[in-house]
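Here is a short briefing to read alongside the model. Please keep the 3D view open and follow the topics one by one.

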Amino acid sequence: MKPVKDAAIDPARHGRDFCLARVRDMLRIRRLEERCAQLYGDGKIRGFLHLYIGEEAVAAGVMPSLRPEDNVVATYREHGQALLRGVSMNAIMAEMFGKQQGCSRGRGGSMHLFDRATRFFGGNAIVGGGLPLAVGLALADKLAPRPDCVTACFFGEGAVAEGAFHESLNLAALWRLPVLFICENNLYAMGTALSRSESQIDLTRKAASYGLPTGHINGMNVLAVHDAAAQAVAFVREQQAPFFLELHTYRFRAHSMFDAELYRDKAEVERWKQHGPIHTFTDRLKAAAMIDEADFERLDREAEREVDAAVAFAEAGTWEPVDRLTADVLTPAPTQAC
């Protein structure tokens, strides 16, 4: 797969409704996360919180190519993937609050969103921890069998330094497993620049060494992401074999709410913001006379109303009773000696 140039993608080819849907998807993620940051400052959300702001085009571009029967595995920066996979914003926000109406019953919080109904298997806090899970899910589908299914595995470039990355790609290639490995390369693994941790910064070469076909795309352009992901998903589905897709993106916020962000220059962040996925895509659609400012404002209001409703749902939620706190944690003691 060759890199897709931004200018080569005509929004009109996708149609107005499709493009509006992608704007809506990115706005839903952005407004949800902005509110989460506010609520974190208010003490309503606790624990760790890793925001996806700036990277919305990745989830918005990939998800339309996946089917309900496919599997999705993500990292701890997974709110956008969960939301666009179909996990309700109410359930996500309640999980953030730690309420039992959350998608993980309030026990997982921001880093551990999970929803079996949508086949969204985390939210995984360990760097690279989702890669072996994705290989296992794909192997299970192959043995069941569940033909034509795809497992999409999202991970950051920091995971490439983990042994699990190499083991997972090796097994996926060796056993011809239907896994789409999606590397969200935002240049900084927590606080370490890619060039300071990897001698080979062309990550597609690492995947190619295991025999995987690869692609690397501008992850700030939602249509470029969509077109590349559609090709990659089609390959994995038809060939029942793995593919590695590297998406170059950038997070506008710190690694987490605890991050002092002393490792990158503020001017660099501002330069990347000029390539923000929402406003650049919206500007292109306006230039093509596919939307106007009223359309954008309507979508933005819809997203804000959805967030307001989700916060109200979470606020009205209930805490898990104290006598239930050991459920699924401890095995009940046997009633008699074995």
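A charge is said to sit over a ring if NZ of Lys or CZ of Arg is within 6 Å of the ring centre and within 35 degrees of the ring normal. With that in hand, Lys286 lies over the face of Phe296, at 6.0 Å from the ring centre. The model is a predicted one, so local features need pLDDT of at least 70 and side-chain atom pairs count only at pLDDT 80 or more, while totals for chains, interfaces and linings use all residues. Residues are numbered from 1 along each chain as its sequence is written, and side-chain values use heavy atoms, with hydrogens and water left out.

**Rings and charges**

- Lys99 also lies over a ring face, that of Trp319, at 4.7 Å from the ring centre.
- The structure holds 10 aromatic pairs; here rings of Phe, Tyr and Trp (its six-membered ring) pair if their centres lie within 6.5 Å, and planes under 30 degrees apart count as stacked, over 60 as edge-to-face and the rest as tilted.
- One aromatic cluster is formed by Tyr188, Tyr250, Tyr263 and Trp272.

**The sheet as a whole**

- Helices (H or I, at least four residues) and strands (E, at least two) are DSSP runs, numbered from the N terminus.
- Two strands pair if DSSP finds at least two bridges between them.
- Strands of a sheet pair through backbone hydrogen bonds, either parallel or antiparallel.
- An open sheet of 5 strands has the order 1-2-3-7-6, and its pairing is parallel.
- Strand 1 (71-73) and strand 6 are the edge strands, each pairing on one side only.
- On average, neighbouring strands of this sheet are turned by 20° against each other, direction ignored; axes are lines fitted to C-alpha atoms, for helices over the stretch in contact, and angles run from 0 to 180 degrees between N-to-C directions.

**Strands 1, 2 and 3**

- Strand 1 and strand 2 pair in the parallel sense over 3 bridges, with Val73 opposite Cys153 in strand 2.
- Strand 2 and strand 3 are joined in the parallel sense over 6 bridges, and Gly156 stands opposite Glu184 in strand 3.
- From strand 2 the chain crosses through helix 7 to strand 3, and this β-α-β crossover is right-handed; that is, with the strands pointing away from the viewer, the path from the first strand over the helix to the second runs clockwise.
- Because 5 of its 6 residues are buried, strand 2 is largely enclosed by the rest of the structure; buried means under 20% relative accessible area, exposed over 50% and partly exposed in between (1.4 Å probe, protein chains only).

**Strand 7 and its two partners**

- Strand 7 (residues 243-248) is mostly covered, with 5 of its 6 residues buried.
- With strand 3 (residues 179-185), strand 7 pairs in the parallel sense over 6 bridges.
- With strand 6 (residues 214-218), strand 7 pairs in the parallel sense over 5 bridges.
- His248 in strand 7 has Asn185 opposite, and Asn218 stands opposite His248 too.
- The bridge partner of His216 in strand 7 is Glu246.
- Strand 6, helix 10 (residues 222-239) and strand 7 make a right-handed β-α-β unit.

**Helices across the sheet**

- Helix 6 (residues 130-143) lies across strand 1, strand 2 (151-156) and strand 3, and runs at about 175° to strand 2; contact means heavy atoms within 4.5 Å.
- Helix 7 (residues 163-174) lies across strand 2, strand 3 and strand 7, running at about 150° to strand 3.

**Backbone details in the loops**

- Most residues other than glycine have a negative phi, and most peptide bonds are trans.
- Ala144 and Pro145 are joined by a cis peptide bond, with omega about -10°; Pro145 lies in the loop between helix 6 and strand 2.
- Asp148 is found in the loop between helix 6 and strand 2, and has a positive phi of about 70° although it is not a glycine.
- Asp148 counts as partly exposed because its relative accessibility is 41%.
- Leu187, in the loop between strand 3 and strand 4 (188-189), has a positive phi near 80°.
- Leu187 is at 28% relative accessibility and therefore counts as partly exposed.

- Arg116 lies in the loop between helix 5 (89-97) and helix 6, and counts as exposed because its relative accessibility is 70%.
- Arg116 and Gly215 are 99 residues apart in sequence and 30 Å apart in space, C-alpha to C-alpha.
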